[in-house]
Amino acid sequence: MSTVEHERGISVVVPVKGRVPQMRAQLASLRAAMDRSPEPAEVLVVDDSEPADAAGHQLNCREFGARYVTGPRHVGAKRNLGVAQARYDLILFTDSDCRVPPEILERHVKTLRGADPSVGGVAGPTFVEHSEAPTYRFMRWSKLLNDDLERPRRRATVTWATTTNLAVRRKAFEEVGGFPSESLTIVGGEDVDLGIKMSDAGYTTVCDPETVVIHDHASTDSLATACRRLFTYGRSEQWLCTIHPSHRRPVLNAFTLATAAAAVGIVLVPRTGGRSLLAVPMALGLVAGARARRLRGTDRSARAAVETFACASVDLLFDLGGFVAAFELRRPGMLFTGLRPADAD
């Protein structure tokens, strides 16, 4: 990473693939934020879309005054490339399917300029916009999908924050080596890795609960999309556990339990006529039920019971991703571990 001194100002780095309408909406919101920035500002869009979508992004970048950069497939590598080509000493990371508030650059610049040099970054909360889609109605309960986005609303500092709403000092970013350019998954976990490295290097990430980014609801409207995200997050968590072992914690993986139940069930098949194999869905159902009760808290309505059980059942895809990754990484001991949350301290 470069150690060259850069101009005072803030550069916004947005990785993208496809999502032309969403990226256009984000560019419009970023243009309004740039117009209010107290320091020079720029937006860099790092893209690896197919030709038709790439042409759309280039047209929108010209309209809204953003710089278009052709980048690699891996999201961490895209962000690194954006930082490498950025002009300024502060960097804001956000995503193509988000929309930022007009004051975001103004507030993040003010926070970082006024903070002690040990403050390496500032994070704001991100909320998924409301939708009437059935999947959204029950997946809104998911802490796996929403807690990391919303955490800066309720914390003063975090170990790491999502790159939907995170501004960092370029010096701190470069000192820790930036994002991983290769990992087990193309997307997922790179923000956690950066935050942990900055925290371990002595930098603090403070929170600004009032600077709220809005995330497009499309990611939770589709059951298939929610399942893919959860499975990917589960895989990426196990990869993070291998490179940050000091941040691990004991975790009961639902599919580790189901595998144990299957082993017992197979042994008992001669005695039970195969009924013992029902132990597998029963084990998964019990885990989903226990997690659903925690999700709904004090809400004892029938609707909450149904929605939280549906949510907890889909959330099991996170466990499946972690279960699969433990074998992909040839670390079966990881079947019993997970990563500490960003606010565990």
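How are H11 and H12 oriented to each other, roughly parallel or roughly antiparallel? Before I answer, please keep in mind that this is a predicted model, in which local features need pLDDT of at least 70, side-chain atom pairs count only at pLDDT 80 or more, and totals for chains, interfaces and linings use all residues. Residues are numbered from 1 along each chain as its sequence is written, and side-chain values use heavy atoms, with hydrogens and water left out.

Helices (H or I, at least four residues) and strands (E, at least two) are DSSP runs, numbered from the N terminus. Helix H11, residues 254-272, packs against helix H12, residues 279-296, at an angle of about 150°, and their axes are 8 Å apart; axes are lines fitted to C-alpha atoms, for helices over the stretch in contact, and angles run from 0 to 180 degrees between N-to-C directions. H11 and H12 are therefore roughly antiparallel to each other, a term for angles over 145 degrees, while under 35 counts as roughly parallel, 65 to 115 as roughly perpendicular and the rest as oblique.

E8 runs antiparallel to E10, residues 204-207, and is joined to E10 by 2 bridges, and valine 158 has threonine 205 in E10 as its bridge partner.

Notes. Pairing = 2+ DSSP bridges.
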